[in-house]
Amino acid sequence: MALLAMLTLSPSPDARTPVWQGPLGLFGALLTVGAGAVWLSGATAGAVGRAMARRARSAATLIAAERLRDDPWAAARTHAAVLLVTVVGTGFVGLRQSMLELLGRQGRGVEDMEFYTTGLDLAAAAVVVGLLITLTGLAVGTAESLSARRRGLAAQVAAGVPRKVLNRALLLETALPLAPALVLAGIGGLVIGVGYSVLTASVVPWAALLVPLGVYAACLLAAATALPLLGRSLRPGELRHG
């Protein structure tokens, strides 16, 4: 909602244009980019899995590639909310920078600036909370995946696969399909910010590109929180469950 409210500050070239077209257009752009990012996550997971399975030079890469090839859409389901938050977060950072510059050029008073910056800070806090919730979901999804595969993981260890190899494979299962999808989500969010900066003749918000990088690192850390559960899943007793 904060992103839609920012459009009210953009100049209207045609007074006859309905006010609802701007917010509706932005909502459609967010929905399109988000859906595209989710689709890309699943599509590239299968493609990357097949390509890396043929060219893998390490056991961890081969295990991760086979997992992605067998169930590529599992990553898309887990990463859907992460990608949408990335689009919104990247677009918000760009809009915030352009909006503050526009307000500064308009000669707003200190009280007016405080009013807008407070609103922007609250919107940023909401985005951060949304990101934390999605990261929690990612960690839970990774843990559930390990729980569902504990018999197969225990069999791999019994066959001689070291635990550190499985640790790397687990992280690669998150890193490989998420990278291209986050690139698309970041570009989509940047386009929103750049479009607003063009309308307001403000600076291009290149700082928004830091958002996808930060989200990517946070996702890897969230996935790493499931590594302690991996140790419990590798017990030989798990071979008796199926």
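1. A residue counts as buried when its relative accessible area is under 20%, as exposed when over 50%, and as partly exposed in between, with a 1.4 Å probe and protein chains only. By this rule E66, at 25% relative accessibility, is partly exposed.

2. The structure is a predicted model, in which local features need pLDDT of at least 70 and side-chain atom pairs count only at pLDDT 80 or more, while totals for chains, interfaces and linings use all residues. Residues are numbered from 1 along each chain as its sequence is written, and side-chain values use heavy atoms, with hydrogens and water left out.

3. A search of the whole structure for salt bridges finds two. The term denotes a side-chain nitrogen of Lys or Arg within 4 Å of a carboxyl oxygen of Asp or Glu. One of them joins the side chains of E66 and R69, at 2.6 Å from N to O. Both residues belong to helix α3 (residues 59-70), and because they are three residues apart there, about one helical turn separates them. Helices are DSSP runs (H or I, at least four residues), numbered from the N terminus. R69 is partly exposed, its relative accessible area being 36%.

4. A salt bridge also links the side chains of R96 and D121, with 3.0 Å from N to O. R96 lies in helix α4 (residues 73-105) and D121 in helix α5 (residues 110-148), so this pair ties together parts that are 25 residues apart in sequence. R96 is partly exposed at 26% relative accessibility, and D121 is partly exposed with a relative accessible area of 42%.

5. S197 is a residue of helix α7 (residues 163-200). With 2% relative accessibility, S197 counts as buried. A polar atom of the S197 side chain lies 2.6 Å from the backbone oxygen of V194. When neighbours within four places in sequence are left aside, S197 is in contact (heavy atoms within 4.5 Å) with S98, S202, V203, V204 and P205.

6. Rings of Phe, Tyr and Trp (its six-membered ring) form an aromatic pair if their centres lie within 6.5 Å; planes under 30 degrees apart count as stacked, over 60 as edge-to-face and the rest as tilted. The count by this rule is one aromatic pair. That pair consists of F115 and Y116 and is edge-to-face, with 5.3 Å centre to centre and 80 degrees between the planes. F115 is exposed, with a relative accessible area of 61%, whereas Y116 is partly exposed at 21% relative accessibility.

Technical notes:
Helices (H or I, at least four residues) and strands (E, at least two) are DSSP runs, numbered from the N terminus. A polar contact is a pair of N or O atoms within 3.5 Å; within protein, one must be able to donate a hydrogen and the other to accept it, and residues adjacent in sequence count only if both atoms are side-chain atoms.
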